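Please look over the sequence and the structure shown below before reading on.

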4 protein chains.
Amino acid sequence: MTDGVTPGVKAPKWLDAYDSEVADSFLATNEKMTGLPAFLGVRFVEFAPGRLCAEMLVKPELLTPFGNMHGGVLSAVVDHVLGCVCYPHMKRGQWAATTEFKINLLAPVSKGTVRVEAEIVSLTRSTAVVRIGLENEGRAVGVAQGTVLIRDPRG
Amino acid sequence: MTDGVTPGVKAPKWLDAYDSEVADSFLATNEKMTGLPAFLGVRFVEFAPGRLCAEMLVKPELLTPFGNMHGGVLSAVVDHVLGCVCYPHMKRGQWAATTEFKINLLAPVSKGTVRVEAEIVSLTRSTAVVRIGLENEGRAVGVAQGTVLIRDPRG
Amino acid sequence: MTDGVTPGVKAPKWLDAYDSEVADSFLATNEKMTGLPAFLGVRFVEFAPGRLCAEMLVKPELLTPFGNMHGGVLSAVVDHVLGCVCYPHMKRGQWAATTEFKINLLAPVSKGTVRVEAEIVSLTRSTAVVRIGLENEGRAVGVAQGTVLIRDPRG
Amino acid sequence: MTDGVTPGVKAPKWLDAYDSEVADSFLATNEKMTGLPAFLGVRFVEFAPGRLCAEMLVKPELLTPFGNMHGGVLSAVVDHVLGCVCYPHMKRGQWAATTEFKINLLAPVSKGTVRVEAEIVSLTRSTAVVRIGLENEGRAVGVAQGTVLIRDPRG
């Protein structure tokens, strides 16, 4: 992963508040996923301040009858990673929920691995804006951007 | 379903070119879905010119550990229905692929059924723009809009 | 304007909290606009609970050299109306700011009037999600949806 | 401007087809803009393969009565630059039209200059997907992504 510094934009202060133990605990869940992430087969590969890289194998149950990965698979993984990239920057006990996102699908995916790179572009106490790039077989196959709501523990 | 006529907008010509046999063949696939649609448990309920209504049961494997339906489930079903609503207006052999969409998630979903209403707002020979509303337990839980590319048969 | 009731969705409670005096004060500003709204020539036509209708004349300075209305004009008016539709449902002194939106442009606009219909689909104390339809010469020319942040007075 | 190479993604072939004369002719129009771009005061600063940098002074007529730049100004400039970044990669006589885009507004803008960086992420014969970043006073104030339709000359 690159350092994510956009020319002309100073590194924001929230980048410093990064809890690597939280990141490590997410990496440790790769073998224990349930529900949608298990169906998708998402694996977290690397966390860094403001960044998360994940991967997904292009397995048969993720394809349409036409042999291409279902667009819904790529949008589901975007939704999943949008929230996860924020956790190492949140307080323990808080939780993240995607409130909105937009995706452009650029090229069909039919084999290999999909690599998902998420980068926080803005973070406040209650909200984050995240950009995501999807890559397969050496080419860009999707780009997305969306908003995550950060919530205090319930109860 | 209502008739979808927006005040001030004339009913477009493409509404007339509606192949109800194609719609019926989609309804007949409810028991035979595979891959992502099978995992989601999407069922087509009703087709009409420019419209499709689908449903999805809120089953345990679609929830996050927090007990809410995973946002990725709702975005995946949006992607799926975006394309399907177009088929009765397409020529036999053509296929539809979502190129982009945007979703706003409005409220958490934890039980019951999610009802998905898709409406084509614009259709040309090669592209469609579709709006989608998601409803659960009597309230709006999501809205989406996106673009579908309509392609001629390969080969 | 229609009543905006989507089948299967109960009328939300916030629809009742509608301050018609605020709506009237917006209608009274039509002749006094400055800045971007003045350049665009936006006119509020009608407010109703959860709804706003505005219009914009297709005047020469809004066209590109190719003779079509600049897409930026339609996106700017969407941004403007997104916030304005919320004011009659907000407390006096609060202000509204668009945080994100998405627009699909459906057909070129070259003459006549653009009619803009905004409808709130979700409203909480701090946020609203709004859908917008743009119509010109009897056909849909754009659809948009976005999020508005509702903020308490500063200071 | 940086070189825009995303890790893991090979430089696409279309990057090589770059017509610097077209780029120069755009730079030469800075003093002759009309309509919306003139109102906004957009100035092209630099073109490069797949990239365009533009700037806009935060002048009084672009502010709301609250003293912040109108969100519609930022969305309008996004729409404008989305198309312009494509021209040096298009055939002479072709024209570009935004079909859809999405913008997240990250922070208020009240003075100085807004810098707009556009980067093409995907380009085919008939369509381009473009990402845009907006910067003001050393911080990110907006991100956007959208689709441009590339059309052959009319007539």
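## Salt bridges over the whole structure

Over all chains, a search of the whole structure finds 36 salt bridges, a salt bridge being a side-chain nitrogen of Lys or Arg within 4 Å of a carboxyl oxygen of Asp or Glu. Side chains of opposite charge can pair when their charged atoms come close. This is a predicted model, in which local features need pLDDT of at least 70 and side-chain atom pairs count only at pLDDT 80 or more, while totals for chains, interfaces and linings use all residues. Residues are numbered from 1 along each chain as its sequence is written, chains are lettered from A and ligands numbered from 1 in the order in which they are written, and side-chain values use heavy atoms, with hydrogens and water left out.

One of the salt bridges is formed by Arg51(A) and Glu119(A), whose closest N and O atoms are 3.1 Å apart. This pair links distant parts of the chain, since Arg51(A) belongs to strand 2 (residues 51-57) of chain A and Glu119(A) to strand 4 (residues 113-123) of chain A, 68 residues apart; helices (H or I, at least four residues) and strands (E, at least two) are DSSP runs, numbered from the N terminus. With a relative accessible area of 11%, Arg51(A) is buried, whereas Glu119(A), at 23% relative accessibility, counts as partly exposed. In these terms, buried means under 20% relative accessible area, exposed over 50%, and partly exposed in between (1.4 Å probe, protein chains only).

## Further charged pairs

The side chains of Arg115(A) and Glu117(A) also meet in a salt bridge, at 3.6 Å from N to O. Arg115(A) is partly exposed, with a relative accessible area of 25%, and Glu117(A) is buried, with a relative accessible area of 15%.

In chain B, Asp19(B) forms a salt bridge with Arg92(B), and the closest N and O atoms are 2.8 Å apart. Asp19(B) lies in the segment before helix 1 (20-27) of chain B and Arg92(B) in the loop between helix 3 and strand 3 of chain B, so the pair ties together parts that are 73 residues apart in sequence. Asp19(B) is partly exposed, with a relative accessible area of 22%, while Arg92(B), with a relative accessible area of 58%, is exposed. Elsewhere, salt bridges that share partners join Glu100(A), Lys102(B), Glu100(C) and Lys102(D) into one network.

## Where chain B meets chain A

The contact (heavy atoms within 4.5 Å) takes 26 residues from chain B and 26 residues from chain A. About 2200 Å² is buried between chain B and chain A, and carbon and sulfur atoms give 59% of this area; buried area is the accessible area (1.4 Å probe) that two parts lose on being put together, summed over both.

Across this interface of chain B and chain A the rule finds two salt bridges, and the side chains of Lys102(B) and Glu100(A) meet in a salt bridge of 2.7 Å, N to O. Which elements give two or more residues to the side of chain B that touches chain A? They are helix 2 (35-40), helix 3 (71-84) and strand 3 (95-105) of chain B, and strand 3 of chain B gives the largest share, nine residues.

In helix 1 (residues 20-27) of chain A, the residues Val22(A), Ala23(A) and Phe26(A) are buried. Seen down the axis of helix 1 of chain A, these buried residues fall within an arc of 100 degrees, so they line one face of the helix; the arc is that of the directions from the helix axis to the C-beta atoms. An α-helix has 3.6 residues a turn, so residues three or four places apart point the same way. The buried residues of helix 1 of chain A pack against strand 1 (42-48) and helix 3 (71-84) of chain A.

In chain D, the buried residues of helix 1 (residues 20-27) are Val22(D), Ala23(D) and Phe26(D). They cover an arc of only 100 degrees around the axis, which puts them on the same side of helix 1 of chain D.

## Cysteines without disulfides

The structure holds zero disulfides over all chains, a disulfide being a pair of cysteine sulfur atoms within 2.5 Å. Cys86(B) is in no disulfide, and the nearest cysteine sulfur, that of Cys84(B), is 8.8 Å away. At 0% relative accessibility, Cys86(B) counts as buried.
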